[in-house]
Amino acid sequence: MTELNSTHGSGFLLLGFSDVSPRLQILIGAMFTLIYLITLIGNLIIFVILTIDPVLQTPMYFFLKNLSLADIWFTNVTIPKTVTGSLSQNRHISFKGCATQMFFFFVFGITECVLLAVMSFDRYVAICIPLRYMTIMSRSMCTYLASGSWIMSTVSSLSLTSATFSLPFCESHEINHFFCDVPPLMELACGNTFISETVTTLTSVFTLMVPFLFIIITYTVIVSKIMKIRSAEGRSTAASTCASHLVSVVLLYGTTILTYAQPKSSYSMERIFSVCYACLTPMLNPLIYSLRNKEVKGALKKLKLRLSKVI
């Protein structure tokens, strides 16, 4: 294949779901629009109540507020362009636009992964060393942990995006995906991709697998601690504080790992899993944390009463 020097000017085509019928593409566009609206509304509501309700000003809810913010922007990175491509058939994305989309996709995606690890540490302190909880999880510590999550994701995203877009691209500029991701772009690259692939692998391990292993270790200790609690009610209370977080971990990490563990030939399955972690997980997080949490449900009721009085 010959190198395409004009890629910077011509940009790329996001094939997305162009292999299905036009009627089904319209249905897909409508589905993504619905997911987008539910995600925005749900996460904005969670963010607002966690900001204004004095009962919810605790470390756990501080991290949850950061997670909601990451979910809002994570959805904005991919879904609007996907809807445009499905409904108007305008699948073009510029070179800079593709790089920008990839950068912010990883910023918010990696932030979610790291925040889930931070939240597992918060649960570990709350259950295993509760008497020191407020000392360890002080306001300054929470600020450092949240800021560190955002900074780590930004630096990692810069390395991933730079490693990918420093490559020369070949004549084909059709991205076999519905957003700009590393694997489909690597397939379009010319020349030796060893260095870029190495940087991508190391960064992915550091930002995905290390937080995941940390979560596994912390929850191994937490489960061990819960099993030593004598009363059934005490075990149930301790376990319930972790349930919502564990569901989010399984949804995000499960679908992400399945996506990138797929062989290159499994494009259909890759798209399905990509929709799950890029779209469905941000949509479901507000439901997961509100339906299983009495304090959040109480705050929602208070917000509803305030709004009804205003109206």
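## Helix H8

In H8, the buried residues (under 20% relative accessible area, with exposed over 50% and partly exposed in between; 1.4 Å probe, protein chains only) are Ser196, Thr200, Thr203, Thr207, Leu208, Pro211, Ile215, Thr218, Tyr219, Ile222 and Ile226. An α-helix has 3.6 residues a turn, so residues three or four places apart point the same way. Helices here are DSSP runs (H or I, at least four residues), numbered from the N terminus.

The model is predicted: local features need pLDDT of at least 70, side-chain atom pairs count only at pLDDT 80 or more, and totals for chains, interfaces and linings use all residues. Residues are numbered from 1 along each chain as its sequence is written, and side-chain values use heavy atoms, without hydrogens or water.

H8 covers residues 194-227, which is 34 residues. At 1.5 Å a residue (times one less than the number of residues), H8 should span 50 Å; its end C-alpha atoms are 47 Å apart, which agrees. H8 also has a kink of about 30 degrees, centred on valine 205. The bend is the angle between axes fitted to the seven residues ending at a residue and the seven starting there.

## H6 against H8

H6 (residues 139-165) packs on H8 at an angle of about 160 degrees, with the axes 9 Å apart. Axes are lines fitted to C-alpha atoms, for helices over the stretch in contact; angles run from 0 to 180 degrees between N-to-C directions. The pair is therefore roughly antiparallel (over 145 degrees; under 35 is roughly parallel, 65 to 115 roughly perpendicular, the rest oblique).

The crossing of H6 and H8 is left-handed (near helix turned anticlockwise from the far one by less than a right angle; clockwise is right-handed). On the H6 side, Met152, Ser156, Ser159, Leu160 and Ala163 make the contact (heavy atoms within 4.5 Å). H8 contributes residues including Val199, Thr203 and Phe206.

## H6 against H3

The axes of H3 and H6 come within 10 Å and cross at roughly 20 degrees. H3 and H6 are therefore roughly parallel. Their crossing is right-handed. Among the residues that meet are Phe62, Phe63 and Leu69 in H3, and Leu145 and Trp150 in H6.

Serine 68 lies in H3 (residues 59-88). At 3% relative accessibility, serine 68 counts as buried. Leaving out residues up to four places away in sequence, serine 68 touches Asn43, Ile46 and Phe47.

Glutamine 101 sits in H4 (residues 95-128). Its relative accessibility is 7%, so glutamine 101 counts as buried. With residues up to four places away not counted, glutamine 101 touches Val77, Thr78, Lys81, Ile93, Phe179 and Cys180.

Notes: Helix = DSSP H or I, 4+ residues; strand = E, 2+ residues; numbered from the N terminus.
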